[in-house]
Amino acid sequence: MKLNTIKKTAICISLLAAVGCTGDFEDINTNPNGITPELFEQDFNHIKGGFAPMFNNIQVLTPEWVYQLQQGLNSDIWSGYMATPTGFAGGINNTTYSLVDGWNGFIWDYAYSNVMFNAYDIAQKSKGKYDQFYALSLILKVEGMHRLTDTFGPIIYSKFGTTASTIEYDSQQEVYTQMFAELDLAVAELTKRVDAGEASSFATTDMSAYGGDYKAWVKFANTLRLRLAMRVVKVNPTLAKTEAEKAVAHKFGVFMTNADLFKVVSPVYTNPIATISGAWLDIRMSADMESILGGYQDPRMATYFDPSAQFPGQYKGVRTGIDIAAKSDHQDFSGIGAVVRSKEIVLMTTAEAYFLRAEGALRGWNMNGTAQDLYEAGIKASFEQRGASGAAAYIADNTKMAKAYVDPNFPVNNSPAVNNVTVAWDAAATNEVKLQKIITQKWIAGFPEGQEAWSDYRRTGYPKLFPVLKNYSGGTITTEFGARRINFVQSEKAGNSGGVATGVSKLGGPDNGGTRVWWDVNKANF
């Protein structure tokens with residue numbers, strides 16, 4: 001029987017000091033070129049090699065089918081961004097709330113074997129000695145692993161690296177506490193080096209657009225802190241306010257211009273969504289995107305999606321959770337557009353930073369701006385990022401709203417619009433309506449990064465999305481609230497059953513897709 005990913009990783013960790021491990025953790029590395037440790041450590045090469053797998057697997061860049069299972073057939077769809085015309089497994093799959101263990105294990109396995117393992121390896125080689133690398137690895141670790149805990153809830157975090165027969169899970173609250181502390185350390189370390197005028201040691205290794213600039217990495221860490229702070233606002237509003245204000249008050253601050261946004265720049269790989277949509281025809285525009293962007297006549301539509309091949313000149317989306325008799329019924333609706341046909345994968349936008357601050361200001365926090373000003377700045381930043389014109393008129397529009405969805409092939413899938421808010425800020429509106437506007441525009445601006453959009457939807461309920469018509473969860477996931485998490489994976493149940501039991505005990509409910517994670521509190525937003 002094959003060891004599960006965590007156990008294979010633990011075995012590798014026990015061998016690191018002596019021989020190292022291969023990327024797939026099956027064989028011990030050899031050194032066929034006879035390179036000595038001294039030569040290998042020149043220019044920190046023994047440390048730098050761990051960064052590329054982290055960059056390349058926060059979202060898996062290759063092979064594309066792994067991305068499809070890691071994110072494409074879960075959060076990209078549950079966020080309301082995309083839909084599939086393909087009736088995988090006879091239409092009984094994640095899209096209809098029958099969670100497929102064979103798919104969902106890739107989310108867990110790739111996070112541990114690429115992000116967590118290499119973060120641990122870098123820490124062993126750099127902590128206390130080359131702390132600039134340790135700090136950078138912590139930021140990437142938090143960016144990669146917060147996605148995992150937001151998907152599963154409790155995960156292995158503080159106990160990672162142990163070779164014990166049972167590896168205990170941390171509660172999500174414990175994971176977030178450690179992540180905030182890790183960001184504290186990283187920000188302090190890199191800020192100290194900027195203040196000292198130190199040249200970067202990371203320029204040739206940095207696969208973001210920052211070119212190794214420590215100040216830019218601090219801004220990213222601060223903005224990541226702001227994201228995580230808002231995530232916990234309903235379960236711990238005091239902590240949320242403290243962490244958010246800390247992020248904004250730091251002397252380097254958070255993202256302010258589109259030059260600040262965080263993206264992985266690959267010299268080789270195009271965004272895998274381009275292949276899944278363009279070559280495989282397995283992902284299409286969602287009905288929700290058609291309804292909201294179409295209703296607003298949003299100028300970003302042409303960048304996000306291609307016109308339908310079946311209905312030339314029109315943008316047509318597919319509703320999620322419907323009967324799919326044949327892929328050909330909807331495969332010629334709108335595919336994903338130019339936004340994914342590049343070698344840049346944007347994981348955090350400047351627009352998001354403005355919308356996070358807008359929500360914070362709405363809640364009375366010190367965000368260095370009013371909710372309205374920050375909301376409108378977020379829209380402008382998104383228009384600029386996407387090369388769209390007409391931001392001023394769009395911001396001022398107080399009449400257009402989402403439109404009804406019409407499936408021209410199968411009217412049973414039709415629905416009136418559900419996300420009925422305009423774009424223009426309304427000072428007289430309730431905080432709930434203002435929040436719906438903020439999150440709706442944040443949702444639009446964040447496309448196509450479905451993981452963050454799904455988290456926002458679970459936290460706030462916005463934007464309002466069309467419910468599935470087919471729910472095959474057996475009652476574990478409600479049609480009203482949708483999937484809240486993914487159950488623990490089979491590799492862990494087989495190889496670390498005692499650890500899984502600790503995770504279930506800290507989950508607060510049964511191990512299924514209807515149980516809410518720690519920050520996903522079923523109560524009012526205000």
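Buried means under 20% relative accessible area, exposed means over 50%, and partly exposed is anything in between (1.4 Å probe, protein chains only). By that rule Ala83, at 0% relative accessibility, counts as buried. What you're looking at is a predicted model, where local features need pLDDT of at least 70, side-chain atom pairs count only at pLDDT 80 or more, and totals for chains, interfaces and linings use all residues. Residues are numbered from 1 along each chain as its sequence is written, and side-chain values use heavy atoms, with hydrogens and water left out.

**Start with Ala83**

- Ala83 is found in strand 1 (residues 82–83); helices (H or I, at least four residues) and strands (E, at least two) are DSSP runs, numbered from the N terminus.
- Contact here means heavy atoms within 4.5 Å.
- Not counting residues up to four places away in sequence, Ala83 touches Ile77, Asp282, Ile283, Arg284, Met285, Ser286, Val318, Arg319 and Thr320.
- Ala83 and Lys523 sit 440 residues apart in sequence and 28 Å apart in space, C-alpha to C-alpha.

- A cavity, on a 1 Å grid over the protein atoms alone, is a set of points where a 1.4 Å probe fits but cannot get out; a pocket is an open set with protein on both sides within 12 Å along at least five of seven lines; and lining residues have an atom within 4 Å of a point.
- Grid points are joined across faces, edges and corners, and a volume is the space filled by probe spheres set on the points.
- The count comes to 5 cavities of 30 Å³ or more.
- The largest cavity has a volume of about 160 Å³, and of the 19 residues that line it, Tyr81, Glu352, Lys442, Gly446 and Glu452 are the closest to its centre.
- Strand 4 (344–348), helix 15 (350–362), helix 18 (431–446) and helix 19 (450–460) each supply at least two residues of that lining, and helix 18 gives the most, with 5 residues.
- By class, the lining of the largest cavity has 11 nonpolar, 2 polar and 6 charged residues; Ala, Val, Leu, Ile, Met, Phe, Trp, Tyr, Cys and Pro count as nonpolar, Asp, Glu, Lys and Arg as charged, and the others, Gly among them, as polar.
- The second largest cavity has a volume of about 120 Å³ and is lined by 13 residues, with Ile58, Gln70, Ile107, Gly144 and Arg147 nearest its centre.
- Helix 5 (64–72), helix 7 (101–126) and helix 8 (131–152) are the elements that give two or more residues to the lining of the second largest cavity, and helix 8 gives the most, with 5 residues.

**An open pocket**

- The second largest pocket has a volume of about 570 Å³.
- Its lining has 34 residues, of which Tyr457, Gly461, Glu480, Phe481 and Arg484 lie nearest its centre.
- The largest share of that lining, 5 residues, comes from helix 19.
- Sorted by class, the lining of the second largest pocket has 15 nonpolar, 8 polar and 11 charged residues.

**Helices and a buried glutamate**

- Glu452 sits in helix 19 and counts as buried, because its relative accessibility is 8%.
- Leaving aside neighbours within four places in sequence, Glu452 is in contact with His146, Arg227, Arg231 and Glu352.
- Helix 15 is mostly covered, with 13 of its 13 residues buried.
- In helix 21 (residues 497–507), the buried residues are Gly499, Val500, Thr502, Gly503 and Leu507.
- They cover an arc of only 155° around the axis, so they sit on the same side of helix 21; the arc is that of the directions from the helix axis to the C-beta atoms.
- Helix 8 and helix 20 (490–495) are among what covers the buried residues of helix 21.

- Thr62 and Pro63 are joined by a cis peptide bond, with omega about -5°, and Pro63 is in the loop between helix 4 (51–57) and helix 5.
- The bond from Tyr462 to Pro463 is cis as well, with omega near -10°; Pro463 lies in the loop between helix 19 and helix 20.
- Leu281 isn't a glycine, yet its phi is positive, near 55°; Leu281 is partly exposed, with a relative accessible area of 24%.
- Gln297 isn't a glycine either and has a positive phi of about 50°, and Gln297 is exposed, with a relative accessible area of 58%.
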